[in-house]
Each structure stands twice: as C-alpha cells, then as structure tokens.
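Hello,

Here is the structure you will be working on. Please open it first, then read the notes below.

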Amino acid sequence: MLHRTSALVLTAVLATPAMAEEFQWAGRTDPQTMDPHAVSSAPVLGFLNNVYDGLVRMSKDMKVEPSLAESWEPIGDGEGWRFTLRQGVTFHDGAAFDADDVLFSYERASDESADVRSWFSPVTEVKVVDDFTIEFYTNAPNPLFPASIANWMIMDRGWTEANNAARPDKENGNFATLNVNGTGAFKLEDRQPGLTTTLVPNENWWDEAEHNITRATFTPIQNPATAVAALLSGDVDFVEPVPIQDAARLEASDGVNIIRGIETRTIMLGFAHEADTLKYGANAGDPNPFKDVRVREAVAKAINVDAILQTIWRGSAEAASQLVTPALSGYSAANAARPSYDPDAAKALLADAGYPDGFGFGLKCPNDRYPNDESVCQAITGMLAQVGISAELDAMPVSNYWPELRADNFDMYLLGWSPGGSLDHEHPLRFLASTPNEEKRLGSWNFGGYSNARLDELLPSILSEIDPAARQAMIDEVTALYQSEHAYVPLYTQPLVWGTRDNIELTQRPDNFFILRWVTVN
Amino acid sequence: MADLSTSAPTKPGRKGRWARFADSDFFYSFKRSPVAVVSFTVTMLLVLSAVFAPLIAPTNPFDPASLNLMNGFTPPMEPNAFTQESFLMGTDDQGRDVFSTILYGMRISLFVGAAAVLFAMVLGIFLGLVSGYFGGWTETIIMRIADVQLTFPSILVAMLIFGIAKGFTPVEYRDQMAIWVLIIAIGLSDWVQFARVVRGTTLVEKNKDYVAAARLIGRSPWAIMIKHILPNALSPVLVIATISLALAIIAEATLSFLGVGAPPTQPSLGTLIRIGQGFLFSGEWWILFFPACTLLALALSVNLLGDWLRDALNPRLK
Amino acid sequence: MLSFIIRRLGQSLLVLLVTGLIAFSMFRFIGDPIDNMLGQERTIEDVERLRTQLGLDQPFPVQYYRFLENAVQGNFGVSYRQGRPVSEILLERAPATLELAAVSGLFALGLGIALGVFTAIRRNGIASNFIMSASLIGVSLPTFLIGILLIYLFGVQLRWLPTFGRGDVVDFGWWSTGFLTESGLKSLILPAITLGLYQMTLIMRLVRSEMLEVLRQDYIRFARARGLKDRVVNFRHALKNTLIPVITVMGLQIGGIIAFAIVTETVFNWPGVGLLFINAIQFVDIPVMAAYLMLISVMFVGINLIVDILYVFVDPRLRVDSAGGH
C-alpha cells in the first residue's frame, strides 16, 4: 500500500489489484544505510542480510552454515582459516563473484572508515590462493573466526569502485549508502530512507528460494501503538517487535499470530566498582558502598526478578544467571543458579556491611533502548526501597545515556548486552568483564571498572583455545568468579515477540534478525 | 459556592464584600447559566480532591517502598490474582493504585498548569505594560522578542527550554527540576498573549485624559500603569488565564507524549495518559481510561468556565 | 514605507539569528550523536576520531558560525543518520507535511466557518449549544490521544481507514502527492481531522463571536428593517465582515498547524518533516534538527513580516506611528 508511482504509470497502478504475495512489514527503526560495512548495528545488518550474503551465514537455529563459501578449514596449527568459495554466483547486476571480491570486501570492511573493522582485528593477512580459494591468517589460533564474520557481507569490486564507493562513508554517504549490488536472495527495488524500502526477489540467486514473495516493502513505524494498530487492521503483514503487553490480546484476536522467542540480549544491573564516592541521591559524596561485595549481593537478593517477569513481562521472559543465555555457545551450565529473592537476607547483608539503615544513591536507566527498560527500573527502585536502600531513578533517552555512562555519571545502571559477532560467552567477557584496557580494546563497555586479575589472565587463553572442553572449563571458572563477586546482577533475557497476519509463515531467529527468505504468504 | 447568596444576607446600606458580589451582574449571570455552575462545581471538586489527595487517596503512589509489583495490572474492582487486593480503578504496570495515582497526578498537572499560567501572566502583564507605556526601543525590543516567541510554536519552545535546562541542571536535582522546567517552558510559550492584550489596552488608555491628569499630578509611571491602566485589562487577562490553564494542562500532556514531561516516578495526568496509551490494545483499558477521563473533565470544565467568563465579561455580547 | 520594511527585515534577520543560536545551544544537551553512528564494538579511539571529523569537538559558537556560513550558501550539511544532504531530505519530506497542513487547514476553515455561522444565527438553540460544548471536548484532550482514539475506532475497529502512512503517492518531479489515489486520499482523513480539530474549534468560536458582534451593528438592523431576507443579511453582509479577522488568525495559525504536525505525524507515522524532526531528536541528527528549526523560523518570521506589512497597508494610522516614533 505504500508504492510510489510516477504520474505516467498512475492509471496502470490504479487498475492493478494487489497481489497476494506482496508482503508489508514494519519495524521500529529504519536501517540507516544500505552499506554493509559502514554501520555495525542490528537494524542495518539484519536488513542487509536479505540482499547481501556473507562467506558463511547463520541457520534457523543459529548454527554456522555455508553461504558464499562452500567449505572452510583451519590452516596448519591454527594459523588461520582457508575458505573455498562457491562457483557460478553472480551479483545483482550480473557481475561474477570470485575471490577478488572477497579480498576487496575485506579491505573495505577493515578500513578505518568501516564500523565493522573490529571483526578483523585478529586478522594479520589475507591471501588469494586462486579464483575460488582465499586464506585468512590470524595472530593467534581463532576457533570462532568463521562464526564471527557471519554478518560480513561481500560486495562487488567492479560495481563499488565504478561508483566511487570503494570505502564506506558514514558521514557524507556515497553510492552504496542508497544502492545495493549484492548476491543475496532479494534485490533492492526502491529506497526512500526513513520511509519505505522495497525489495524484489533475485531470480538468479545461487540458493533454492524457500519464500513465495513477489515484492516486500519495509516501513519503519516508531510509535508501537501505531504499529500494533497497523497489524490489527491488516495494513501490514508483519510487525517486530510487538510490545509485550499487546501480545496476549493480539494472540486472541482474529487474523493475527504471535511468535515468541527468547532473544540473545541479557539485561543486567551494573555498579560503580572503582568510584570512591557515591555521586547521586541522599548520600552523594559519601564512600561508595558498592565497592563492598556484600552490598552488591544484597542488591541481587533484593530484586524479585520473578515478579518482574510475572507482571511487566507477563511470563514471557526468562531469568538470567550470567552474561549470556543458555542458547549461546560458551554458556556455563555449571553456574546456572541465580541469587534467590530474599529481602531479609539482603537487609542482613546490608547491616553486616555497615548500612543497617540503608543509604541513598542514583540509578541510571535508559527509557527508549530496551523494551520496558524504564518500567523495570521503576520496579527495581521499589524493591530496593523495601530493603532500605533508596535509589533516585534518572531515566533518559539513549542518546543521553551512553555519554553519561562513559563520563562515569552513575552509581548503578541498567545495561543490556547481546553478543553480536561471535554469539559466544567470550564476547561479554571481553567487553563487560575484562579490566578496561584501551590499547588491547578490552572492557570498552565495562563502565563501572570491574576488575579481576584471574579473569584477565584467563581471557586470552579462552579466545585461542581450540579444544571445546578445555575452553568451557575456563569459561566456567571465570563465570563462577564474576558471579561470586556480583560484578553485575544479571536480571533476565528479554523475549522476542513478533506479530504476523495469520496467513504468514516465517522463522524467528534468536538474534532478532528478520530473514525475508524464510517467509511464506498463504 | 452557588448558594453563597443565601449565606450572605443582604443588609441595606452596609453591604459586605460577599453580599455585593452576590448582588452583582456577574454573579447573576453565573447563577443563570447552568453550564457555568456545573463546570465551576466540577472544577472545584477536582481541584479540592487534588489538593487533599494525601487525605483521600488510599495509597501514596509516589513512595516506591509501598508498591507491590505483584499488584500490577489489576482490573478495577476485581481482586488481584496473587495478592487478592482489589482497587477501585485498578492498578497500572507498577502495581500502583490508579485512583491514587490520578489524585496525585492531578496535583502535579494543576500545579504545573497554574504556576505556568501565573508565570506567563506576570511576565506578560509586566512586559505588556512596559512596552505599551514607554514605547520606543523598549517596545520594539519586547515586541520583537514576542515575535521570536510566536515564531516558535509553543511545543517547540517548551522542548527547547526543556533541553537546555536539563543540560544546565545538576543531575541530582533533575527529578525535582523537571517540574519547574516544565512550568517555565509552558509559561514562556504563553506570555505573549497576555503581553499583547495588556499592551493594546495600555496604548489606548495612556492617551486618555485621566492618565494625563495622573501624570500631571506627578504619579510615578509604575503607579499609573498598575493602578490606572492595568484594571482596564483585567477582564481579558482573566479570560486568557482561564483558557491558558486548560491549554497548559494539555500542553503538559503533549510534552509528556513527546518524552519531555514529568518523570514517571512522579507522574502527572499527562504522563499517566502517555503510559496508559501503551496499554490501549492490550486490554488494560483502565490505565488509560480513568486518567484520560479526569483530564477531559478538568480541561473541559475549565474551558467551559473560561468560555462563560468571556461572554460574561464582555458586556457587548449580553 | 520602504525604510519601515527594511527595518522590519533587519529585525527579522536578527530574530532568526537569535532563534538559531538558542536552538543550536540546545543540541549539546539532546545527547551525543556518536553512539548512534558507531556500533557496539567501537573503541574510544573511534569515538574521538568521529567527533573531530564532525567538528563536535569545537565550542558551540564555532559550530553555530560554521552552520550559518553554510546555511547562507544553501548548504544545510549532511544528515548524520542518513548520510544524505539535509536539503534533499527536507525537500523530499515537505510535500507530505504541506499537503496534510493544507487539508487540515481547509477542514478547519470550512467546517469552522460553517459551524460558526450556524451557532451565531441560532444563538440560543439546543443544537448550537451542543456544538459549542462538544467543540470544547476537541480542545480538552491532547492531540496525540485524539489521534490514537481515531486510529482505534476507524482503523482497527471499523477498518474504514488506513492506520498509518500516506498510502500510494504519485510523483510530479520532486513533488509527491497523495491527492490522486484512493488510498492517498483515505490516508489523509484521520491525520487531517486530528491536526485540524483545534484550529477548527478556534475558527468556529471566532466566527461566532464576530458574527454576533456584526449582527448587532446598526447597518444590519437597518438591513433587516428594510425587509431584506435573513439569508442575504446573514451571508452577504454579516459573514463578509467577519472574514477578515478569520483570515488573519488563520494566517497565524499556519504556524500552529505545522508545529502540531510533529505530534500528528508521530502518531500516524506520516512521512513528513515533523516525523523527520522527531526521529532526528531521537538520533541526535544535529544537521537535520538545525535545518528544520531554521526553516520553521524563516517561515514564521516571514508570516509575521507579511502580516505586519499588510497591517500597515490596511491601517494608515499605524504607518504614521511606525514611521515617526520607533
């Protein structure tokens, strides 16, 4: 229903009845660019997965499977990886795909102007062996490398260079910001940034098409109520995400289906570990109680996660015990228990730590980043007040939130983490648990400055260990460490709720990427 | 208040203030207008219940320690599935009693609205008098500033001020400051109307003989402005103030929808509606319905009152 | 006369500069665009590099000066979010907002005048009292709530009208119009009502009170005494005289319509400049915000200027006054 036509073809459009396989979908955010290397954000990478392909891709159950690479194998004793490329693949404009395009895409994606270049920080050299073989050498054995480049999409050297888009340009944009020439299952027919983006099937796609779509249009709808109304009225066929409170009602209404899953994002509370004094609330300026592990444990025990899941999440989220969810690799099954809700024990711990009458502090929270973020923070404020510590809640838009956290303006804060890239426990260990170290690019989201020497020592070995059992043993050890120190209070894994009209069949992948080629319109 | 005339018996010769009021044309036309009586009664009822909210409300929704999350989403007059508690108008997502939250929220809405209008009125009257009386550069500057103000639509002004003030406020005061910033933001976008009306009256009155006479006997400009000129402008000012009050309450709600309103830990009616609209499709209609009805009743009765005031104070329309 | 216009132009320019400065100083507090531009795996190094590249490390007067310098040359910079020239984006979005504003303005004007006349003529009738009171309901609820309720009723429950967007549009060069397709017209109805309701009430009340005033004038009484038909008196004589203030107010209300389009466009996901602005705030897209605010200012100052100059033409007393004193 959102076509654009030129005046010349107006009469034709008015006469054409809508085809059954036309698919309309709506999401919260518009992918800000069509350039797969310029921006590393879920809306962009998720959308571009439909038009571009990588060397490898994720299957419906998040397993690595061949895509433009038919197979891959380690080189020697973990010096790198050798990929054998698929033959006979063409880009949307008809150009043939070969190893040179992969090399070019590597150069482009690892350029300073590319947002995704951190994926290639372990890579020391890339060698084209022949037209359909390419080798990636890494600085240390890197068992996760193939999985970590699942969202690295291959562009055509000829097309990109001919259109002056050989390097991504996030600031000023270039041809690749608005145009697409991929190898993916769909071609970009029309792009109106912020308004609509229209895709049509790529009839020359190398893989078997599972979908029956003839045309698909994406519209960003920011206001959740508007999106739900559009789904209910049949103006769109698919909406993600559906606000959790509307899920039950939508499920019950005619013509709409709800698909629920558990996302990869874990929501947690973080503390100021390093700060000497509290910054906010009634006790601003006093010594920082969160340096004491007993106080952090008291917080963990004061929060009734079950109540949050029961009411705010209406029973569809799952409590979290660690920084990743059970669905992801590296999950520590040995440490699956989380602190139980026990306000009396929390009070006792606080008294023990020297705060029998509690204290006041500041809780920072985003109000437009994660679903229900502000409600959850409000609920937490209430629960903490019941054990005597009063949080002054400061909820703000995410555009203010990250600068505040970077400037250390918090006593306690809410954070969500999704291990994009590797989808492995090592990811949050690197970004959240490791001692911050700018040079080694470690702990860059560890705002509170949590630091544990043993964890820092084990991390490099975890990253390079090839033997899964030995690796898991090390991960189990560090998980037990950060759990016992209550470095973070993992709260829950948020649910993934999608809504469709009931004539639509699709597959929900846990990383919240909507894959158009798995859609069937009945 | 409609029965004041009976409580203040008229004595010939020495009439009390109330009695004179009760005898006035103004009060007469009030009594004769059922719309005015009803809207006045509703307004007073709402204002009083907001003022005495702590005495009326069953719970204090602003005290986080008293909340039980398990009470969340309880429908009106039905016991909660977990806690068996029941609430007149149900509870919201935080387990707050909607009825109490409305009472407390109305306090904030009314306070913000009244303070914003008062601020706009004082500022507008002052600038209107000064620019009309002194003229010259003073007038040019003030009226140009008024143009800037009109240039920016009220919600944009409020968003600007909110943005800037939030940046200058130390974070630890932000929660309390939010309310004051709202007042200034809404007030600042409203003063122009007052200033224009007062300036207009001033321009007309300042050339009249009695003002010239007052000037001749050496009264100070301020005394002339306030004692002689201003009373002529009071009727339109009162009408604008009443209508602005309704507008200010609505503006606060709109700002809240755009994300620059009262904090959700201390929600105003507008914030409650913003929160409630998220539950419109989920079946928890009461979270939106009751606050929206309250806002409607409040704004409508104030508007009707303002409407009637305009007619009553405009003798030409009688 | 000419010197008056020149002086007014000069003042308007100053107004624009001040407005721009205020608007620009706000951007520092809206947030940091960097986090929206870089992914989760960015380093502090990346953050600093991008900040320098965008000139965000400069003090804000410098940033403002640069913005003005470019704006004068018609260059509003490149959107942080879309990586496209802002002027291009604004041009693309303007038709949606202008069409919506035009339709809701016409709705407000048409229905407002009709109801205003009706309630003035039937001054004490039940119907006009009802209309007068009911019209207040429209201004006693926030715009966004009215929009959501309309969507719920006509979009979801009755399914008569689309719930969001503009429907099919037809392009004429850079202008895209929704007037030529059925879905485009249907899509206009709810947003136009939502946006125009307030102005409609305003105009209705204005027309009513002006009509009542005029109907009391002597020449109307004479006209009646002369035996002219009521219809002729009401429409040819009375209504004509009420229209001048209505047009003036409507001119000033254009600003309100454009501003409240922000709310309406958000609720209906209407792809106009208002929605663009709200999205820009969310993503701290400073070039877009700055251009939008400047554009709005230019428009409003322009309207103000025109109204001022028209007044001088209409009322010679003001001409003497302004030319002499101030």
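**Domains of chain A**

Chain A is assigned domain 1 (32-172) and domain 2 (263-495). Such bounds come from an automatic or database domain assignment. This is a predicted model: local features need pLDDT of at least 70, side-chain atom pairs count only at pLDDT 80 or more, and totals for chains, interfaces and linings use all residues. Residues are numbered from 1 along each chain as its sequence is written, while chains are lettered from A and ligands numbered from 1 in the order in which they are written.

The centres of domain 1 and domain 2 of chain A, taken over C-alpha atoms, are 34 Å apart. In chain A, 12 residues of domain 1 are in contact with 8 residues of domain 2. Contact means that the C-beta atoms of two residues, placed from the backbone, lie within 7 Å. On the domain 1 side of chain A, the residues touching domain 2 are 8 nonpolar, 4 polar and no charged. Here Ala, Val, Leu, Ile, Met, Phe, Trp, Tyr, Cys and Pro count as nonpolar; Asp, Glu, Lys and Arg count as charged; the others, Gly among them, are polar.

**A helix to look at**

Now find helix H9 (residues 293-302) of chain A. It is largely enclosed by the rest of the structure, because 8 of its 10 residues are buried. Buried means 20 or more other C-beta atoms within 10 Å of the residue's own; 12 or fewer is exposed, and in between is partly exposed, with C-beta atoms placed from the backbone. Among the buried residues of H9(A) are Val295(A), Arg296(A) and Glu297(A). The partners that the buried residues of H9(A) pack against include strand S13 (256-271) and helix H11 (343-352) of chain A. Helices (H or I, at least four residues) and strands (E, at least two) are DSSP runs, numbered from the N terminus.

**Between the chains**

Chain A gives 47 residues to its contact with chain C, and chain C gives 49. Which helix of chain A gives the largest share of that side? H7(A) does, with 6 residues. The chain A side that touches chain C has 17 nonpolar, 22 polar and 8 charged residues.

Chain B meets chain A too: 23 residues from chain B, 28 from chain A. The chain B side divides into 11 nonpolar, 8 polar and 4 charged.

**Domains of chain C**

Chain C has domain 1 (1-81 + 285-326) and domain 2 (93-282). Their centres, over C-alpha atoms, are 30 Å apart.

Best wishes
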